[in-house]
Amino acid sequence: MKEKILEILNDIDDSVDFAEEKSLIGDHILDSFAIINLVGELEDAFDITIGPEEMTRENFDSVDQIEEMVKRLSQDQ
């Protein structure tokens with residue numbers, strides 16, 4: 001799962017080593033446009049729905065946090 005998330009992130013911006021970054025939003029690596037793209041790609045790749053209530057810094061600030069959100073939403077659906 002983490003590998004697929006990293007692949008999606010690299011498709012959005014291949015100039016960043018997402019595996020090493022610890023604060024994607026705090027360090028301004030992901031902006032709102034990138035997050036919207038990311039949400040669409042995650043929904044397609046993992047057959048989940050990411051609702052507005054999930055659009056928080058806590059869910060998108062690191063690859064690990066993104067993975068946890070995807071796992072949780074996969075179980076819920």
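This is a predicted model: local features need pLDDT of at least 70, side-chain atom pairs count only at pLDDT 80 or more; totals for chains, interfaces and linings use all residues.
A crossing of two helices is called right-handed if the near helix is turned clockwise from the far one by less than a right angle.

The chain first. It has four helices and zero strands. Read along the sequence, that gives the pattern α-α-α-α. For a chain of 77 residues, a compact globule would have a radius of gyration near 11 Å, and this chain has 11 Å, so the two agree. The C-alpha trace spans about 35 × 20 × 20 Å along its principal axes. As for burial, 38% of the 77 residues count as buried. On contacts: if we take those with a separation of 6 or more, 56% come from residues 24 or more positions apart.

Now the packing. Two packed helices are described by the angle between their axes and the distance between the axes.

Helix α1 covers residues 2–12 and helix α4 covers residues 63–76. Their axes are 10 Å apart, and the packing angle is about 120 degrees. Angles of 65 to 115 degrees would count as roughly perpendicular and those over 145 as roughly antiparallel; α1 and α4 are therefore oblique to each other. Their crossing is right-handed, in the sense I opened with. Which residues make the contact? From α1 they are Lys-2, Ile-5, Leu-6 and Leu-9, and from α4 they are Val-63, Asp-64, Ile-66, Glu-67 and Val-70. Sorted by class, this contact has six nonpolar and three charged residues, with no polar ones.

The second pair is α2 and α4. Helix α2 runs over residues 32–46 and packs against α4 at an angle of about 45 degrees, with the axes 11 Å apart. Here too the description is oblique: an angle has to be under 35 degrees to count as roughly parallel, and α2 and α4 are therefore oblique to each other. The crossing of α2 and α4 is right-handed. On the α2 side the contact is made by Leu-38, Leu-42 and Phe-46; on the α4 side, by Ile-66, Met-69, Val-70 and Ser-74. By class that is six nonpolar residues, one polar and no charged.

Methods. Residues are numbered from 1 along each chain as its sequence is written. Side-chain values use heavy atoms; hydrogens and water are left out. Axes are lines fitted to C-alpha atoms, for helices over the stretch in contact, and angles run from 0 to 180 degrees between N-to-C directions. Helices (H or I, at least four residues) and strands (E, at least two) are DSSP runs, numbered from the N terminus. Contact means heavy atoms within 4.5 Å. Ala, Val, Leu, Ile, Met, Phe, Trp, Tyr, Cys and Pro count as nonpolar, Asp, Glu, Lys and Arg as charged, and the others, Gly among them, as polar. The radius of gyration is taken over C-alpha atoms; the globule rule is 2.2 Å times the number of residues to the power 0.38. Buried means under 20% relative accessible area, exposed over 50%, partly exposed in between (1.4 Å probe, protein chains only).
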